[in-house]
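Good morning, and thank you for making time for this presentation. Please have the display open while I speak.

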Amino acid sequence: MSLSLAIKLHLASSSPSFSLLTLNNHQHANKLTTSETCSNTKVRPKPIYSTNPLIIPTCKVRPRVQYCGTMIKSSLIEPDGGALVDLVVPEGERGAKITLAESLPKVQLTRIDLEWVHVVGEGWASPLKGFMREDEYLQSLHFNSLRVKDGSVVNMSLPIVLAIDDETKERIGSSSHVGLLGPDGDCVAILRSIEIYKHNKEERIARTWGTTAPGLPYVEEVITPAGNWLIGGDLEVLKPIKYNDGLDNYRLSPKQLREEFDKRQADAVFAFQLRNPVHNGHALLMNDTRKRLLEMGYKNPILLLHPLGGFVKADDVPLDVRMEQHSKVLEDGVLDPETTIVAIFPSPMHYAGPTEVQWHAKARINAGANFYIVGRDPAGMGHPTEKRDLYDPDHGKKVLSMAPGLEKLNILPFRVAAYDTKVNKMAFFDPTRAKDFLFISGTKMRAFAKSGENPPEGFMCPSGWKVLVKYYESLLAEEPSQQPVLST
């Protein structure tokens, strides 16, 4: 069956071990440091490699199978709040809603604001139904959670807020509702029953990142230039958010992902987030995870390979390049497209370490994943002004095991993978022969690609590596005089 939703699937084999903790679970991201930030998700004027770089594979769906008299389903975990939020206006109601939106005072959105409209509108932040009002903001900022009507607690470690300036606040006046304008000037949403309150930037930064040091990518891109007020309210998204960058078919909503898991008859869904190209160490981990789940008795565990698709910092590899590289990994058989779904997670990246890793895990609950792979220094980065990690690399997985509202998610922590020079391939690190292992950081990988130098054989599939080399060659061709701004 052709996958009209642009889904790729993937199977695994492979190697050493992980331990299972029945609690929470989360992302893997290589730490990188930069003093320059930008939104790396902008639409390119033309594709770098081809007009259709991401080939949608055809794969067969197994017939529905019953176990113990019960139909196996992959809706294995309830969304937070018990019901998945969907704030996109039904097609038959859009005309009237658009007319209403055009009559309201307007709030101009940035590209990253639009990404948050996308995130909230599709239910990634369920049960949140709009940009946070002050009581929700304070709970998120100080408790990393929200208390819902039935008294239960759901995780919400990052404030999802919309900032406005003094001029916009004055223009809104006493109106109870506002229209939200996208970066292109189109009305994309209505915010109802609004509340406007003070935007204390220093407090927000200190509590989210644990520092107010200059050079934090999201802070410099989003918070520092933002207005001094926050506006919250109930969101109505006038139509599905599209970016028209050739990748919209990969932006599957939580509802679409749950439907696909059900179609695949998954009895476990394990999610892996990354914002970097897939190397063979990642593949080793994912293959080994599926092997271990099979050994535990699961019949059809499905991998959700879920690259982050929102704002990333300037020296991260852009989304379109990463997605083409991921497709090569599948085409080359490093990952099997039979038991993997590749989709884009639309959230912007904060680089807020243990605070942000909770958000990444919580969002995957809403997407239907009941296992989450967490690695070293998830959502971390180097300190922006000092030569050290910003966060303790082990704190992310420890925090997930204790975070309020994530108790129903299973954590899959894993050992560090590195290049084993004895066998010329990626392997799990063995401290008893540490001298045999080579650690290739994200910075080192980029340096290889920029110089045209090949990494050690077995580090990454050759066709995937060529994608990265072409990308950096294109940068040199476009900006021959510009020197990259990197710090390590």
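This is a predicted model: local features need pLDDT of at least 70, side-chain atom pairs count only at pLDDT 80 or more; totals for chains, interfaces and linings use all residues.

Helices (H or I, at least four residues) and strands (E, at least two) are DSSP runs, numbered from the N terminus. With that convention, Leu252 sits in the loop between S10 and H7. Residues are numbered from 1 along each chain as its sequence is written, and side-chain values use heavy atoms, with hydrogens and water left out.

Let me begin with the overall content. The protein has 13 helices and 18 strands. Of its 488 residues, 55% are buried, where buried means under 20% relative accessible area, exposed over 50%, and partly exposed in between, with a 1.4 Å probe and protein chains only. Contact means heavy atoms within 4.5 Å. Among contacts with a separation of 6 or more, 80% are between residues 24 or more positions apart.

I return now to the loop. Leu252 is buried, with a relative accessible area of 2%. Its C-alpha atom is separated by 9.4 Å from that of Ala367, 115 residues apart along the chain. Ser253 is placed in the loop between strand S10 (229-237) and helix H7 (254-264). Is Ser253 buried or exposed? Ser253 is buried, at a relative accessible area of 11%. Apart from neighbours within four places in sequence, Ser253 is in contact with Glu122 and Trp124.

Next, the nonpolar cores. A nonpolar core is a set of buried Ala, Val, Leu, Ile, Met, Phe, Trp, Tyr and Cys residues joined through side-chain atoms within 4.5 Å. The largest such core has 83 residues, and Ile160, Leu180, Leu235 and Trp359 touch the most other members. At least three residues of this core come from each of domain 1 (91-237) and domain 2 (248-477); the domain bounds come from an automatic or database domain assignment. A second, separate core of 25 residues includes Leu305, Ile344, Phe371 and Ile373.

Two strands pair if DSSP finds at least two bridges between them. Strand S8 (residues 178-181) and strand S9 (residues 187-198) are antiparallel, with 4 bridges, and Leu180 stands opposite Ala189 in S9. The hairpin of S8 and S9 has 5 residues between the strands, and there Gly185 takes a positive phi near 95°. S9 also pairs with S10, in the antiparallel sense over 8 bridges, with Ala189 opposite Val237 in S10.

Finally, I turn to an open sheet of 3 strands, ordered S17-S16-S18 with antiparallel pairing. Its edge strands are S17 (425-428) and S18 (437-438), each pairing on one side only. Strand S16 (residues 417-420) is joined to S18 by 2 bridges, and the bridge partner of Tyr419 in S18 is Leu438. Helix H8 (residues 280-295) lies across S16 and S17, at about 50° to S17; axes are lines fitted to C-alpha atoms, for helices over the stretch in contact, and angles run from 0 to 180 degrees between N-to-C directions. The buried residues of H8 include Leu284, Leu285 and Leu293, and their cover includes S16 and S17. Just after H8, Gly297 takes a positive phi of about 110°.
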